[in-house]
Amino acid sequence: MNIHSLPETHSLESIGFHHREGLYINREWRAAAGGETIQVVDPSTETVLAHVADASVEDGIAAVDAASAAADSWRNTAPRTRSEILRRAFELMNARAEMLAQLISLENGKALRDARGEVSYAAEFFRWNAEEAVRIKGDFGFAPSGANRIIVDYEPIGIALLITPWNFPAAMATRKIAPALAAGCTVILKPASETPLTAYALAALLEEAGVPPGVVNVLTTSKADDVTGAIMRDPRVRKLSFTGSTGVGRHLLAKAAHSVLSCSMELGGNAPLIVFDDADLDVAIEGAMVAKMRNAGEACTAANRLYVHEEIYDEFARRLVARMDTLVVGPGVNPETECGPMITRKAVEKIDHLVSDAVSRGAKRICGGEITAGSGYFYPPTVLGDVSLDAAMAHEEIFGPVAPLTRFSSEEELINLANNTEYGLASYIFSRDVSRAMRVARRIESGMVAINRGLMSDPAAPFGGVKQSGLGREGGAHGVLEYLEAKYLAVSI
Ligand code: NAP
């Protein structure tokens, strides 16, 4: 079902967002040195929502200057003080939750219900890391030779450059900013050009929470390669934390080699969702809907390949289509919407190309599968049956509301199918047999496995991938370690 109506809250003013056009450097809002701006487009209507400053290399270095000037004082700020600032950020974010959700929905297009979920998830990173800030511990022991004591101290790694994507504009930023601040690092955030307004809203919120000048800096740029390249070459910068596509991640890793930067990489995914013949189908359908359709499929953890045992394939397909076909598609800010638009026209064209390719190789269009006419970057919820293993979508991220179904008959065949990818971020297993689910989970090459559920993201758990899905973990006890260096002191006894 498609809806076209736009609620009255379809503008930045009506949601109560005070937009400032400048870059956020040293707690000041400044125009870009070249005076240029970037357009922010509403994907539901293709109209211009706002303009933001377009930073040059000079602005990038100004942000490093600010982060550097603040570095000593922030690393020496008492952990309790850093913790309380993060806690205030958590409280402020919850107090502003509805405005932030509407802002995300406006600039990203995602359904308001998904945006509300994102704000709550994003805020939790502030709470979790407020708790981590006062629990950073070292180690103490004796050298086996008896010659000295071994003391291991953890120190902030230094200035961190944080680069984030458009699909979770709040959560991908707080998942990096919060542990960095807890560890005592100062940061420069470069959000995606499609969704900069949420990043600037977070900067204002952190200022209100008490973050001192220079500790958090935010800049948007249409020249990401040049501006982040100059920041990464600056010897004062010691950390790069990137979330985005595997292609850009590889490129940044090569560039980071120049200064031997510490890198955390959260990259693309190609998650298998596996339904065994003994699965509870109600649970499996519910889980598949969440794993596939949260964020309209624009998630790195989105189920990209659905492998269903041949004995239950037809029944699973019938039930999945019944759910997908009745989803309400429309502008994200409309409270009834369940599937919003894609981020850009280019994203819609990529999905369409992947669907046509699969169909040309024998897949059946069971529902959806055609670009939606009219304004806005919409693609309908789609189910494809009997997708062959040589279809491009079996190997590439779809990043849209398309569920490709493939039959399997044995556990061994299934493991080979699931692991036949360069990615290894997330996977989903549905089975009533817990020992089978655990056995398969151990053999699947992915950083995260959800068993009998469609959602695994949790600020208290380590999020990240293996193979070409990334390096390092965000969240849980691991998150803050990405921003700390161990220092070993050998002390004579
Ligand atoms: P993207 O094209 O890789 O862009 C991500 C960020 O990198 C944006 O801020 C972008 O800036 C910037 N960027 C692009 N090229 C750059 C360059 N040469 N130098 C420096 N920065 C550069 O990814 P996306 O399309 O925004 O996001 C979708 C991807 O992110 C998917 O592959 C998804 O799986 C992945 N993702 C992974 C996770 C995870 O935790 N593993 C979470 C969410 C998303 P501009 O916008 O200005 O180009």
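Strands are DSSP runs of E of at least two residues, numbered from the N terminus. This is a predicted model, in which local features need pLDDT of at least 70 and side-chain atom pairs count only at pLDDT 80 or more, while totals for chains, interfaces and linings use all residues. Residues are numbered from 1 along each chain as its sequence is written, and side-chain values use heavy atoms, leaving out hydrogens and water.

Phe 142 lies in strand β5 (residues 139–142). Its relative accessible area is 52%, so Phe 142 is exposed (exposed means over 50%, buried under 20%, partly exposed in between, with a 1.4 Å probe and protein chains only). Together with Phe 140 and Ile 493, Phe 142 makes a nonpolar surface patch of about 370 Å².

Glu 266 belongs to strand β11 (residues 262–266). An unreviewed UniProt entry lists Glu 266 under "active site"; such annotations may be inferred rather than shown by experiment. With a relative accessible area of 4%, Glu 266 is buried. Leaving aside residues up to four places away in sequence, its contacts (heavy atoms within 4.5 Å) include Arg 175, Phe 242, Leu 425, Phe 463 and Arg 473.

Strand β16 (residues 402–408) is largely enclosed by the rest of the structure, because six of its seven residues are buried. Two strands pair if DSSP finds at least two bridges between them. Strand β13 (residues 303–309) pairs with β16 in the parallel sense over four bridges, and Leu 306 stands opposite Leu 405 in β16. Strand β15 (residues 382–385) also pairs with β16 in the parallel sense, over three bridges; here Leu 384 has Pro 404 in β16 as its bridge partner.

How values were computed. Patch = residues over 30% accessible without salt bridge, like charges linked within 9 Å, V, L, I, M, F, W, Y side chains within 5 Å. Areas by Shrake-Rupley, 256 points an atom, 1.4 Å probe, with all protein chains shown as cover. Salt bridge = Lys/Arg side-chain N within 4 Å of Asp/Glu carboxyl O.
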